[in-house]
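Thanks, everyone. I'll keep this short and stay with what the coordinates show.

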Amino acid sequence: MSKQMTGAQMVIQALKDQGVEIVFGYPGGAVLPIYDEIFQQNDIRHVLVRHEQGAVHMAEGYARSTGKPGVALVTSGPGATNAVTGLTDALMDSIPIVVLTGQVPTFMIGTDGFQEADTVGITRPCTKMNWLVKDTANLADTIHQAFHVATHGRPGPVLIDIPKDVQFATAEYVPAEKAKISHYQPRTAGDPAQIARLVELMESAERPIIYSGGGVINSGPRASQLLRELVAETNFPITSTLMGLGSYPASGKNWVGMLGMHGLYEANLAMHGCDVMINIGARFDDRITGRVKDFSPKSKKAHIDIDPSSINKVIRVDVPIVGDVTEVLEELLRQWRARGSKTDQRGLSQWWKQIDEWRAVKCLTYKPSTTTIKPQYALERLEALTKGMDRYITTEVGQHQMWAAQYLGFEDPNRWMTSGGLGTMGYGLPASIGVQVAHPESLVINVAGEASWLMNMQEMGTAMQFRAPVKQFILNNERLGMVRQWQELLHGERYSSSWSESLPDFVKLAEAFGCKGIKCSDPKDLDDAIMEMIRYDGPVIFDCLVEKHENCFPMIPSGKPHNEMLLSADADAFKSGAVLV
Amino acid sequence: MSALNIKKGSTSHSAYDLRSGSTEIEESHTLAVIVENEPGVLARVIGLFSGRGYNIDTLNVGPTHDPKMSRMTIVTRGDDSTIEQIVKQLNKLVNVLEVQDFRDADYVDRELVLVKVKVDSKTRAEVMQITDIFRAKIVDVQPTSLTIEITGNESKVEKFLELMSNFGVAGLTRTGKVALPRK
Ligand SMILES: Cc1ncc(C[n+]2csc(CCOP(=O)(O)OP(=O)(O)O)c2C)c(N)n1
Ligand SMILES: [Mg+2]
């Protein structure tokens with residue numbers, strides 16, 4: 001039973017077949033036929049953004065918080081080029097999104113037509129795969145393939161460029177189950193022999209550490225469940241990258257906190273001093289390893305990753321395991337249990353004693369103030385007042401992002417959305433809307449810096465229009481704080497262009513958008529103000545005026561090994577001094 | 001807090017770990033990449049090399065016995081870990097079907113070169129003689145030049161070109177290496 005339809009109708013039908021409920025987008029000449037179809041149906045909801053970058057970050061927020069691919073639809077030329085940052089962000093953080101772009105009609109391609117851009121050329125390096133569809137007969141098939149590629153193997157962004165005449169023309173619709181099955185079938189099961197080697201390593205480990213990453217979250221909730229079982233059965237300490245927060249609960253007793261450049265003292269020292277490192281779905285990013293030559297010099301390393309190219313890319317490992325985290329952990333636990341494996345109890349208890357000593361340093365201690373709000377304090381209060389709620393956190397990029405990672409606790413996967421690989425200022429606000437649209441009843445908070453927030457603030461209009469009650473918790477230090485910190489520490493306190501000058505009045509801005517504005521500058525008022533934000537039934541812009549010159553510690557200046565960490569600006573805050581070697 | 005007193009020009013100013021270049025030995029490697037014969041594939045493969053800073057010495061692309069597939073033969077340079085990454089990154093591309101790394105495999109390879117050699121009445125005979133010895137072919141004759149086609153493996157072609165350079169080369173084009181595994 002062949003079904004004839006126009007290309008534009010195919011787009012809608014294929015999205016429905018793929019289970020898409022929401023599309024984030026912005027219209028223009030080259031996608032008008034698709035918008036016409038959107039108008040004439042009710043199954044797919046369209047969220048009109050204010051800038052195409054916002055659409056892509058919303059799709060990312062949606063994807064990251066649901067585990068389902070996010071979809072964005074933009075027009076040709078400027079619509080497509082505006083999507084490039086979001087695509088690159090999704091590529092770096094392995095987020096499955098499908099972006100549809102309009103294109104000038106096929107017969108005009110190459111003529112410098114109005115709003116023509118070489119979209120597949122521009123986006124080739126920032127997509128996992130992209131397609132220019134020149135024939136309506138191939139359109140549905142390509143869309144199905146695109147979803148397959150975005151969500152299989154290491155997830156990532158894909159893009160389909162659809163010329164306007166292809167949207168108008170008619171052809172037979174290819175349903176998802178009839179679509180050409182792509183040869184793209186990455187391996188998901190780990191090699192049992194390698195897993196057996198890992199089991200042996202684990203049995204003999206005296207100072208083990210599990211280092212988990214975003215791959216655990218991408219693998220789905222079952223992976224987090226298995227990770228928890230593994231930790232419970234081995235009593236190994238576990239740390240995580242920025243991207244992996246929540247896969248093991250922050251309240252879990254084996255949690256040693258985030259690692260990396262602004263990671264916890266105990267986490268980084270445990271990485272440095274371990275004898276067995278088990279990397280589960282992380283990629284030895286340079287913010288994690290510090291100086292590669294001195295990275296965890298004494299350990300045997302195992303690396304579980306679905307992307308073979310991640311293995312041995314930065315750090316050479318002893319036990320490489322290519323596979324999906326869920327399947328590999330399943331097999332690992334099976335072997336562990338079948339062998340009746342035991343850990344080295346004596347070694348392990350020594351190791352925990354050592355870790356507890358490191359923990360006792362309390363590296364997140366900061367100098368409290370009764371007059372100004374310390375950013376760390378603001379986050380501690382936010383944590384205390386929202387703990388246990390059905391809560392999702394997004395962030396922008398900068399000091400506030402690192403403080404959010406340090407001071408907020410994540411109990412479950414998919415609850416923490418941040419731009420890790422690309423570090424995109426302007427990610428958090430649109431991402432929070434994407435999350436909120438997917439979880440209308442939940443509390444969604446974007447922990448923001450004032451400078452980042454301004455980069456995509458136009459999306460407050462989207463939040464208002466689509467009744468997304470997102471809370472914009474802006475830690476306003478009137479500085480490009482992270483830049484200022486580097487200039488203070490590494491560039492002789494020459495603060496070149498790192499002040500946020502001429503900031504808007506955020507409360508008035510909130511009023512202008514029609515939402516609620518809250519300003520707080522006194523620590524004594526903070527709890528009430530946060531509660532007011534949470535209770536307000538609608539979007540809130542919270543201008544939290546914080547200490548302007550606070551630095552984010554611990555910090556491993558880049559190019560330094562893990563055991564050379566700056567703990568504090570204030571040497572007497574720690575017995576051991578400011579710089580620990 | 002006072003600044004960390006880092007000397008100007010020190011790499012500690014950087015947000016990255018600035019390492020000096022790899023000290024491992026770079027070697028030439030031949031790779032064959034079987035790709036889906038679809039638009040954009042070549043651009044993706046080349047973009048991978050340029051984007052990640054890998055070298056391409058020669059590149060040859062053409063259809064295979066199956067019109068749905070093309071074979072690319074790439075000669076690249078790098079230390080072992082770079083080559084390992086190149087192979088993995090190529091394999092990661094969605095329209096790459098297979099990567100053959102000829103590092104250890106037994107393979108045959110050929111390259112075709114057209115070279116225009118300057119000649120005069122005194123040197124013409126000698127050039128023709130060398131051409132004969134190398135089983136190369138003269139494909140065009142002009143009063144002051146000969147255009148010669150030579151096919152062979154790298155060492156043969158290189159040797160021939162070296163000899164021809166003594167007479168003066170007026171033009172040269174090469175296909176780049178093509179290779180097939182023996183088995
Ligand atoms: C799009 C983009 N441009 C520039 C940067 C470099 N950058 C990183 S953090 C930062 C300052 C962020 O300031 P703010 O949002 O106020 O956060 P704070 O560090 O003050 O908490 C800058 C400019 C970036 N990450 N992204
Ligand atoms: Mg700031």
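This is a predicted model: local features need pLDDT of at least 70, side-chain atom pairs count only at pLDDT 80 or more; totals for chains, interfaces and linings use all residues.

Let's start with ligand 1. Its surroundings comprise 17 residues, and the closest are Gln399(A), His400(A), Gly423(A), Ser452(A) and Gly481(A). Sorted by type, the shell holds seven nonpolar residues, eight polar ones and two charged ones.

Now the polar contacts. His400(A) has a polar side-chain atom 2.9 Å from an oxygen atom of ligand 1. For Asn477(A), a polar side-chain atom again lies 2.9 Å from an oxygen atom of the ligand. Ala451(A) uses its backbone instead: a polar atom there is 3.1 Å from a ligand oxygen. As for cover, ligand 1 on its own has 590 Å² of accessible area, and the protein covers 76% of that.

Which elements give two or more residues to this shell? They are α17, spanning 399-407, α19, spanning 450-455, and α21, spanning 481-490, in chain A. The largest share comes from α19(A), with four residues.

On to the magnesium ion, which is ligand 2.

What is the arrangement of the donors around the magnesium ion? Six donor atoms surround the ion, and the arrangement is irregular because the angles they subtend run from 51 to 173°. An octahedral call would need opposite donors over 155 degrees apart and all others between 65 and 115.

Along the chain, the donors follow the spacing E-x26-N-x1-R. The pair Glu450(A) and Arg479(A) thus links distant parts of the chain, 29 residues apart. Glu450(A) sits in helix α19, while Arg479(A) is in the loop between β18, residues 471-476, and α21.

Are these two buried or exposed? Glu450(A) is buried, at a relative accessible area of 1%. Arg479(A) is also buried, at 6%. The cut-off for buried is under 20%.

Last, a residue from another part of chain A. Val56(A) belongs to helix α3, residues 52-66. Its relative accessible area is 0%, so Val56(A) counts as buried. Between Val56(A) and Glu21(A) there are 35 residues of sequence separation, and their C-alpha atoms are 16 Å apart.

That's what I have; I'll take questions now.

Notes
Residues are numbered from 1 along each chain as its sequence is written. Chains are lettered from A and ligands numbered from 1 in the order in which they are written. Side-chain values use heavy atoms; hydrogens and water are left out. A residue is near a molecule or strand if one of its heavy atoms lies within 4 Å of it. A polar contact is a pair of N or O atoms within 3.5 Å; within protein, one must be able to donate a hydrogen and the other to accept it, and residues adjacent in sequence count only if both atoms are side-chain atoms. Accessible areas come from the Shrake-Rupley method with a 1.4 Å probe; for residues, only the protein chains shown count as cover. Ala, Val, Leu, Ile, Met, Phe, Trp, Tyr, Cys and Pro count as nonpolar, Asp, Glu, Lys and Arg as charged, and the others, Gly among them, as polar. Donors are N, O and S atoms within 2.8 Å of the metal (3.2 Å for Na, K and Ca); water is not among the atoms, so sites may look incomplete. Four donors count as tetrahedral if all angles lie between 85 and 135 degrees; four count as square planar and six as octahedral if opposite donors are over 155 degrees apart and all others between 65 and 115; anything else is irregular. Buried means under 20% relative accessible area, exposed over 50%, partly exposed in between (1.4 Å probe, protein chains only).
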